[in-house]
Amino acid sequence: MKWDALEEEPCSLARTVAVIGDRWSLLILRECFLRIRRFDEFQSSLGVTRHLLADRLKKLVRFGVLRKIPYQDAPKRYEYILTQKGLDLYPIIMSIVHWGNIHMVDSRGRPLLHEHKNCHKMFDPVMVCSECGEPLTAKEVHVHPGPGARKSSPARAKAVENEAKR
């Protein structure tokens, strides 16, 4: 696989990595979910160079994760707003945060706590089966080729076949 051609791969993970798979894109998304919207606010919060920030924002807009909304005409300035496609990344961001809260927290504890607005309780994100509602772990999931699967290497095909038999 070539890094600059991941978006063409018949693999949902590879195509997703093409969009959000670098550290700056993930951190920009974190800021978006924390309601940061303007270029200068992103730059101040992240400490990223203007060139790199502009490049990542342009990529996220091109892939439909963010949309640019002008808020000033002279000079022209934009806010970057999450689209539905961007909002759909929330479970991914929360899963990464949860992993960090479990494995990377220091003695001071979690840097942010998340409160569910409906029940007013602090929560940890969990992944559940869309069909039965049971919590999911890697050991409780079987993988099967889907309609968009490609012919894969013999090693990969054998791994998927073995997984299906498990």
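In α1 (12-20), the residues A14, A18, V19 and I20 are buried. Buried means under 20% relative accessible area, exposed means over 50%, and partly exposed lies in between, with a 1.4 Å probe and protein chains only. The cover over the buried residues of α1 includes α2, α4 and α6 (90-103). Helices (H or I, at least four residues) and strands (E, at least two) are DSSP runs, numbered from the N terminus.

This is a predicted model: local features need pLDDT of at least 70, side-chain atom pairs count only at pLDDT 80 or more, and totals for chains, interfaces and linings use all residues. Residues are numbered from 1 along each chain as its sequence is written, and side-chain values use heavy atoms, with hydrogens and water left out.

**Overall fold**

The chain has 7 helices and 2 strands. From the N terminus, the order is α-α-α-α-β-β-α-α-α. Of the 166 residues, 25% are buried. The chain exposes about 12,300 Å², and carbon and sulfur atoms supply 57% of that area. Accessible areas come from the Shrake-Rupley method with a 1.4 Å probe; for residues, only the protein chains shown count as cover. Contact means heavy atoms within 4.5 Å. Among contacts between residues at least 6 apart in sequence, 39% join residues at least 24 apart.

**The strand pair**

Strand β1 (residues 66-72) runs antiparallel to β2, and 6 bridges join them. Two strands pair if DSSP finds at least two bridges between them. The hairpin from β1 to β2 passes through 4 residues. L66 has L82 in β2 as its bridge partner.

**The nonpolar core**

The largest nonpolar core has 22 residues. Such a core is a set of buried Ala, Val, Leu, Ile, Met, Phe, Trp, Tyr and Cys residues joined through side-chain atoms within 4.5 Å. Those with the most contacts inside this one are I28, L29, F42, L53, L57, V65 and L66. Two or more residues come from each of α1 (12-20), α2 (23-33), α3 (39-46), α4 (50-62) and β2 (77-82). The largest share, 5 residues, comes from α2. In soluble globular proteins, nonpolar side chains tend to be buried together.

L29 shows some of the packing. Beyond residues up to four places away in sequence, L29 touches I20, V65, L82, L89 and I93.

| Residue | Loop | Relative accessible area |
|---|---|---|
| D22 | between α1 and α2 | 15% |
| V48 | between α3 and α4 | 5% |
| H114 | between α6 and α7 (154-165) | 18% |

D22 makes polar contacts. A polar contact is a pair of N or O atoms within 3.5 Å; within protein, one must be able to donate a hydrogen and the other to accept it, and residues adjacent in sequence count only if both atoms are side-chain atoms. The D22 side chain reaches the backbone nitrogen of W24 at 3.1 Å. The side chains of D22 and K59 are joined by a polar contact of 2.9 Å. Not counting residues up to four places away in sequence, D22 touches R56 and K59.

V48 contacts W24, Q43 and L53, leaving aside neighbours within four places in sequence. V48 and W24 are 24 residues apart in sequence, and their C-alpha atoms are 8.1 Å apart.

H114 contacts Y90, M94, V97, K121, M122 and F123, again leaving aside neighbours within four places in sequence. The C-alpha atoms of H114 and M94 are separated by 9.6 Å, with the two residues 20 apart along the chain.
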